[in-house]
Amino acid sequence: SLILLTIIYTTFCAIGAKLFVELFVFSLILLTIIYTTFCATFTKELDISMGFFLGLVVILLALQLFNMLLVKNVGSLQNFQRTDTVACMFCAVHKSLTLGMPITGIVFEGSPKLAIITIPLLVYHPMQILLGTLLVGTLKNWVKADRIRTRAPGSRKG
């Protein structure tokens, strides 16, 4: 059922939903995929400690921040506009449950450790949303500062 929902979701997103009702249905499908994934994972008894889980969260957060910073620096070295750099920062680290969970389910089908194998993806997905939310203000100010600097009298850019 998870694979079927993913196929429906990606197919209709590729078509291009423009109406609010369609967007609501697609959001509902995505929410259903996430909900069923969490339920399937956390209804099983997991053989991990809280220390392991917290360590995993710290490692995933560090990796995501490192990758975003790396993309930011590469974008600056390549003289990308700051708006493009910010887009690259988010696109480079974005991972989705809608693709990751069905692939993981197929590759590790029948594995008794499937629930443990899916934990990094289940942690990463909401973490990228929260981190993105926290960084929006900082990145917005960074982009705005560049726009103000380029409009200043005597600046090299027009």
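# A walk through the helices

Start at Asp47, which counts as exposed at 64% relative accessibility. Here buried means under 20% relative accessible area, exposed means over 50%, and partly exposed falls in between (1.4 Å probe, protein chains only). Asp47 sits in the loop between α2 (20–42) and α3.

A word on what you have open: it is a predicted model, where local features need pLDDT of at least 70 and side-chain atom pairs count only at pLDDT 80 or more, while totals for chains, interfaces and linings use all residues. Residues are numbered from 1 along each chain as its sequence is written, and side-chain values use heavy atoms, with hydrogens and water left out.

**Zoom out to the whole chain**

Helices (H or I, at least four residues) and strands (E, at least two) are DSSP runs, numbered from the N terminus. Of the 158 residues in the protein chain, 26% count as buried. The chain exposes about 10,800 Å², and carbon and sulfur atoms supply 70% of that; such areas come from the Shrake-Rupley method with a 1.4 Å probe, and for residues only the protein chains shown count as cover. Take the contacts (heavy atoms within 4.5 Å): among those between residues at least 6 apart in sequence, 73% join residues at least 24 apart.

**Color the UniProt spans**

The unreviewed UniProt entry places the feature "transmembrane region" at residues 7–36, 48–66, 86–108 and 114–139. UniProt positions follow the numbering used here, feature names are shortened, and annotations may be inferred rather than shown by experiment. Select 48–66: the span is 89% helix and 0% strand, and its end C-alpha atoms lie 26 Å apart. Then try 86–108, which is 83% helix and 0% strand, with 35 Å between the end C-alpha atoms.

**Into the core**

Next, show side chains for Leu60, Met68, Val86, Met89, Tyr124, Leu139 and Trp142, the residues with the most contacts inside the largest nonpolar core, which has 15 residues. Such a core is a set of buried Ala, Val, Leu, Ile, Met, Phe, Trp, Tyr and Cys residues joined through side-chain atoms within 4.5 Å. Helices α3 (50–77), α4 (82–93) and α6 (114–151) each supply at least two of its residues, with the largest share, eight residues, coming from α6.

Which residues does Tyr124 touch? Leaving out residues up to four places away in sequence, Tyr124 touches Leu60, Gln64, Val93 and Lys95. A second, separate core of five residues includes Ile34, Leu97, Leu121 and Leu122.

**Along α4**

Is Thr85 buried or exposed? Thr85, in helix α4, counts as buried at 1% relative accessibility. Beyond residues up to four places away in sequence, Thr85 touches Val71, Lys72, Gly75, Ser76, Phe80 and Trp142. Click on to Ala87, also found in helix α4, and you get a partly exposed residue with a relative accessible area of 39%. Ala87 and Lys72 are 15 residues apart in sequence and 9.7 Å apart in space, C-alpha to C-alpha.

**The salt bridge**

Side chains of opposite charge can pair when their charged atoms come close. A salt bridge here is a side-chain nitrogen of Lys or Arg within 4 Å of a carboxyl oxygen of Asp or Glu, and the count by this rule comes to one. To see it, select Arg82 and Asp146, whose side chains meet at 3.9 Å, N to O. Arg82 lies in helix α4 and Asp146 in helix α6, so the pair ties together parts that are 64 residues apart in sequence. Arg82 is partly exposed at 23% relative accessibility, whereas Asp146 is buried, with a relative accessible area of 11%.

Hop to Asn79 in the loop between α3 and α4. Its phi is near 60°, a positive value in a residue other than glycine, and Asn79 is exposed, with a relative accessible area of 69%.

Last stop: show a surface and select Leu99, Ile103, Val107, Phe108 and Ile117, a nonpolar patch with about 450 Å² of accessible area together. Patches are made of residues with over 30% relative accessible area and no salt bridge; like charges are joined within 9 Å, nonpolar side chains (Val, Leu, Ile, Met, Phe, Trp, Tyr) within 5 Å. Helix α5 (residues 97–107) gives the most to the patch, with three residues. Phe108 belongs to the loop between α5 and α6 and counts as partly exposed at 34% relative accessibility.
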